[in-house]
Amino acid sequence: MTAELAPHVVTARDFLMGSIWEGTGDELHTNRLMARKSMFRQRILSGVSGMLLAIDAYRPELIWAPLTRLRWSFDRPLFEGTRLEVRGHSAGEEHTLSGTADGQIVTHGSVVTGPPADLPRKPGRPSAGRTMTEADARLFRTWLPGDPTRDQDLPGHIPWPLIVLTASGLITRGRHMGSFRTVLNRAFTWTFGAPLALEETVHCELGTVERRPSATLLPARKTCSSR
């Protein structure tokens with residue numbers, strides 16, 4: 001199955017909702033006045049939020065489905081008011097999609113649904129923690145509800161987007177990747193284990209960080225794998 005969807009226009013709400021859990025404190029995402037002084041002259045949407053908008057536009061049920069693997073690249077900044085064009089292709093449990101704006105790919109990747117993997121422990125530098133509650137899941141559903149045509153109960157586990165958003169914020173706020181002004185063009189691969197129950201506290205243990213040249217002339221391109 002290949003599909004091209006109606007454009008999604010990035011709104012101020014998309015900036016607000018993602019920042020609740022990511023909470024990086026990066027004023028490029030949250031502060032219009034400070035962002036005007038940046039190279040972009042306006043706020044940019046966090047990469048994880050842009051990814052979630054693309055996935056939700058293609059197959060909203062994937063936002064709430066258990067995932068086995070997630071691979072994603074954040075290629076260019078997304079701005080408020082941008083029309084995000086989404087295309088995708090599904091083959092069995094693997095779904096590959098991309099989001100473009102003004103003819104350029106800004107975000108792309110793939111998700112694989114299915115049973116969780118049996119993950120070995122890989123100790124690294126631990127982050128601070130954040131407890132994820134039913135209230136978090138309910139608030140998240142007001143932003144990305146899944147299939148709006150069906151009545152759905154909340155799952156008993158933390159939805160994977162909340163884990164990814166929260167982990168991204170914990171790593172960034174803890175300066176686990178060092179001190180930097182801004183991060184663009186990230187890529188990551190996630191392998192998901194058994195679901196975490198609501199009311200659990202999410203921590204991150206960051207292993208290796210790979211740096212690559214930036215396509216936007218910023219100091220570094222960072223790739224991280226976390227759990």
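**Notebook: rings, charges and a surface patch**

I started with Arg141, whose charged end sits over the ring of Trp64, 4.1 Å from the ring centre. A reminder to myself: this is a predicted model.

I then looked up another charge over a ring. The charged end of Arg43 sits over the ring of Phe15, and here the distance to the ring centre is 4.2 Å.

**Aromatic pairs**

Next I turned to rings facing rings. How many aromatic pairs does the count come to? I noted 7 aromatic pairs.

Where do the two partners lie? I found Trp21 in helix α1, residues 12-22, and Phe140 in helix α5, so this pair ties together parts that are 119 residues apart in sequence.

The cut-off I used for buried is under 20% relative accessible area.

Phe188 and Trp190 were my next pair. They are edge-to-face, with 6.1 Å from centre to centre and 80° between the planes. Phe188 is buried at a relative accessible area of 6%, and Trp190 counts as buried at 5% relative accessibility.

Which residues do ring pairs link into a cluster? I listed Phe74, Trp160, Phe188, Trp190 and Phe192.

I placed Asp118 in the loop between β6 (104-113) and β7 (125-126). Is Asp118 buried or exposed? The relative accessible area of Asp118 is 77%, so I marked it as exposed.

My last stop was a nonpolar patch on the surface, formed by Leu16, Ile20 and Leu139. Together these residues have about 230 Å² of accessible area. I traced Leu139 to helix α5, residues 134-143, the helix that also holds Phe140. Why does Leu139 count as partly exposed? Its relative accessibility is 34%, and partly exposed covers what lies between under 20% for buried and over 50% for exposed.

Key. Residues numbered from 1 in each chain as written. Predicted model: local features only at pLDDT ≥ 70, side-chain atom pairs only at ≥ 80, totals over all residues. Heavy atoms only, no water. Patch = residues over 30% accessible without salt bridge, like charges linked within 9 Å, V, L, I, M, F, W, Y side chains within 5 Å. Areas by Shrake-Rupley, 256 points an atom, 1.4 Å probe, with all protein chains shown as cover. Salt bridge = Lys/Arg side-chain N within 4 Å of Asp/Glu carboxyl O. Helix = DSSP H or I, 4+ residues; strand = E, 2+ residues; numbered from the N terminus. Buried < 20%, exposed > 50% of the residue type's maximum accessible area, 1.4 Å probe, protein only. Phe/Tyr/Trp six-rings, centres within 6.5 Å; stacked < 30°, edge-to-face > 60°. Lys NZ or Arg CZ within 6 Å of the ring centre and 35° of its normal.
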